[in-house]
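Dear colleague,

I am passing on the structure we talked about, and below it I have set out what was found. Please keep the structure open while you read.

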Amino acid sequence: MAWPAAAQVSPPASAPTSAPPREVVRLPDAERARLLANDAIRLPALGEGASEDLSISAERRIGEEVMREGRRDPAYLDDPVLLAYLNSLWRPLVETARLKGEIVPEIDSAFAWEAFLVRDRSVNAFAMPGGFVGVHLGLIALTSTADQLASVLAHELSHVTQRHIARSIAPQQRASLLAIAGLLLAVAVAGRNVDGANAAIAGGQAAAIQSQLNYSRDMEREADRIGFGVLSAAGFSPVGMSAMFERLDQANRLNDNSGFPYLRSHPLTLDRVAEARNRTLLSHASAPAPTLVHAMMQMRARVLMDDSVTALRRLSGETSSPELSDRVAAAYGAALAASMLNEHDAAQAHAARALALASQAPQREPAAVAAAQTLQVQLALARQDAERALQVLGSTEAPTRDARRPLLLLRAQALLHQHQQAEGTSGGNAKGDNAAALKDSTEALQTWLADAPADALVWQALAGTSEALGMGLRSQRANAEARAAVGDLMGAIDRLRAAQQASRGGVGQDFIEGSVIDTRLRQLLAQRRQMALDARETRGGRREPEDPSPQVRG
């Protein structure tokens with residue numbers, strides 16, 4: 001599938017105003033409180049009448065349809081480390097929008113509020129129906145500070161909260177929801193194949209829908225205004241937005257090669273740039289210096305968006321910049337690139353240098369140290385050294401809840417590798433220690449899933465640790481949940497049916513697990529029937545035959 005070229009955002013290409021190296025400082029609590037208080041009386045929003053054009057449930061359904069297909073696209077990227085960093089910026093923005101009243105109760109519980117990554121070199125970000133926001137790796141690679149990236153997220157979030165997509169779809173298109181979803185999916189080659197994307201939307205109905213999905217100037221200005229308020233109140237530097245506009249504008253002028261689809265759907269007018277600069281001047285904020293962790297994540301995006309041998313060879317770890325953030329990023333990128341080239345000794349040396357530089361920073365950044373340590377764990381697993389990976393994990397602390405996810409997954413991976421090695425030995429103590437650690441890891445994964453039940457990677461990890469512990473039914477159910485999480489309902493149903501058959505006659509824990517499997521199978525079959533009914537409503541076709549209800553144990 002191709003990710004949409006409709007609701008996209010692009011960054012500027014020039015570097016922001018330089019400032020003495022320092023860590024990004026969030027606004028004081030008193031200043032944040034003042035900003036929040038100033039929004040007690042909200043200006044009328046363009047999106048407040050959106051329900052007349054597209055219902056909230058229909059908007060969420062379109063978004064789910066797009067994501068169901070998108071999660072199976074090779075361009076969809078769940079890199080736990082980079083996604084954790086993206087969420088560390090996204091979640092404060094969402095929470096602040098709630099506090100400011102931008103997220104009204106009607107959409108708060110109905111929308112997903114999910115940010116995700118797209119492996120694409122083009123500079124782009126886009127909001128989709130239902131609260132989904134996609135970010136291309138090319139955009140992350142262009143930003144030089146967390147505040148610049150956060151400004152794009154705040155802008156896209158405001159498109160969602162103001163329901164600009166719903167207002168962009170004319171009333172007469174309400175009967176063509178699947179056509180709209182199809183266009184969003186349509187050869188989502190935006191950035192990868194611009195000519196193909198243009199061809200896909202050329203002509204009558206598609207061209208008309210595309211023109212409706214592009215944001216109007218008023219919507220862009222509203223998203224700028226509301227996004228700026230959310231960005232500032234969330235504790236990010238207001239300079240981030242104007243600096244991002246400048247980078248996008250300059251980069252687009254220097255590289256007129258269709259690599260900035262963000263600017264096609266988010267026209268960067270002189271008025272928008274001027275207003276952003278004026279807001280920055282009135283805020284009296286100064287330009288922050290890049291944090292070490294952002295420089296590392298910027299480099300990670302650069303490596304992952306182009307993993308060709310030629311591109312990886314360019315990352316030697318050398319830089320002429322005296323800035324600590326650039327030196328850390330160079331070492332981090334060289335380590336990751338060398339590991340992907342299976343040059344493990346070089347990777348280890350670069351990673352050690354990145355950790356040393358991050359640890360010696362004048363202003364200590366726990367997130368940067370944790371990122372460097374996490375890289376060392378990844379490199380150890382890449383060279384099949386589970387013992388070293390577990391050793392480093394033992395001294396690595398997650399600075400945020402989101403940062404716990406990659407550590408949970410890496411620990412499970414290391415323990416599974418250790419389990420496989422122990423199976424070939426006769427060491428009873430080693431097997432016992434590994435089993436106890438696997439049990440702890442399994443419990444930690446289950447705890448995570450209680451709050452994030454749609455996390456496919458964690459379900460996959462749980463399937464592996466459960467299988468290693470001899471819990472076959474739980475492993476089968478976890479594999480089914482992993483398929484459901486990526487939108488493969490038929491794959492999930494098939495796995496649950498197989499698990500249901502295997503659970504016949506089960507006692508004790510197997511009986512409990514079998515009962516859970518029965519219940520979950522009924523839920524997924526009901527979901528599939530509802531999807532067929534929704535498709536029938538919009539297409540006007542025949543009702544699809546329903547699956548027989550699953551057998552329930554007596």
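Strands (DSSP runs of E, at least two residues) and helices (DSSP runs of H or I, at least four residues) are numbered from the N terminus, and two strands pair if DSSP finds at least two bridges between them. This is a predicted model, in which local features need pLDDT of at least 70 and side-chain atom pairs count only at pLDDT 80 or more, while totals for chains, interfaces and linings use all residues. Residues are numbered from 1 along each chain as its sequence is written, and side-chain values use heavy atoms, with hydrogens and water left out.

With mixed pairing, 4 strands form an open sheet in the order β1-β2-β4-β3. Its edge strands, each pairing on one side only, are β1 (76–77) and β3 (125–128). The antiparallel strands β3 and β4 (residues 132–136) are joined by 4 bridges, and Met128 has Phe132 in β4 as its bridge partner. Helix α2 (residues 56–70) packs on this sheet and touches (heavy atoms within 4.5 Å) β1, β2 (114–118), β3 and β4.

The hairpin of β3 and β4 has 3 residues between the strands, and Gly130 in the turn has a positive phi of about 90°. In a regular strand the side chains alternate between the two faces of the sheet. In β3, Ala125 and Ala127 point one way and Phe126 and Met128 the other, and all are buried (under 20% relative accessible area, 1.4 Å probe, protein chains only).

Finally, Leu93 touches residues including Ala150, Leu153, Val230 and Phe236, not counting residues up to four places away in sequence.

Best wishes

How values were computed: Axes fitted to C-alpha atoms, helices over the stretch in contact; angles between N-to-C directions. Buried < 20%, exposed > 50% of the residue type's maximum accessible area, 1.4 Å probe, protein only.
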